[in-house]
Amino acid sequence: MVTSTKKVPSKGIGSGGNFPGPNGKKPGGNGFHGGDPSKRKFSPATYRITMWIVLAAVLMMFAALSSVYIMSSEEQRRPVHMPPMFFVSTVLILVSSGTFQRAKRSLQQQQPRAYLRWLLATLALGCGFLVSQLIGWRELAAAGVYFAEHPRSTFFYIFTALHGGHLIGGIGLVLYLVLRKGRRILPLNHEMNATWTSIVGIYWHAMDGIWIWLFSLLLIFK
């Protein structure tokens, strides 16, 4: 008597089941994510949200310091006159926002040379702003206004130092764009370049707005 045996298909490795095949990938996929390209897709929104979170923290810090300054100004009656170079600083940073916008527009119009040229102009204006701030400190010292003299003079130095430190960060970001575009160091594709330019622009314009606020505060509450 002949007994027939029926083969049961094996579901081992590489058989088409849930186990990866011999190349370490699931059948019909490109790795353990099944080849889904959306898993690794570049997301401009993520970069923008991160920048807004950073700026929210910076704005809260300056808002808190501004409140303290206003309250201390009501108690202290010794005025501190605005150094003339701070007016120059204001003009420089306002113009720098305009040059950055021109750079962004040049990128949108696919004019790489103009884009690089306007970025360099923004860098120069940003550095000029920092130099004018240092000269403004010297003008304060020449007028007998020192850091620890009284609360108003202290806030003059604190406000300008904190803003200058954050603007140095902005200069670093603009320099990053220049190096990426001008020297071809780790070049970005168009979408990533546009995203980086957009978020650096948000930061730069925010530094512009913060300075206008601080300048007005120091000018009004002498």
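Trainee: Why are H3 and H5 called roughly parallel?

Mentor: Helix H3 (residues 112-142) and H5 pack at about 25 degrees, with axes 14 Å apart. Axes are lines fitted to C-alpha atoms over the stretch in contact, with angles from 0 to 180 degrees between N-to-C directions. Under 35 degrees counts as roughly parallel, over 145 as roughly antiparallel, 65 to 115 as roughly perpendicular, the rest as oblique. So H3 and H5 are roughly parallel. This is a predicted model: local features need pLDDT of at least 70, side-chain atom pairs 80 or more, while totals for chains, interfaces and linings use all residues. Residues are numbered from 1 along each chain as its sequence is written, and side-chain values use heavy atoms, without hydrogens and water.

Trainee: Which residues of H3 and H5 meet?

Mentor: Tyr115, Thr122, Gly126, Phe129 and Gln133 in H3 meet Asn193, Thr197, Trp204 and Trp211 in H5. Contact means heavy atoms within 4.5 Å.

Trainee: Why is Thr160 called buried?

Mentor: Its relative accessible area is 3%. Buried means under 20%, exposed over 50%, partly exposed in between (1.4 Å probe, protein chains only). So Thr160 is buried.

Trainee: What is Thr160 in contact with, leaving aside neighbours within four places in sequence?

Mentor: Phe86, Gln133, Trp137 and Trp211. Thr160 itself is in helix H4 (residues 151-182).

Methods. Helices (H or I, at least four residues) and strands (E, at least two) are DSSP runs, numbered from the N terminus.
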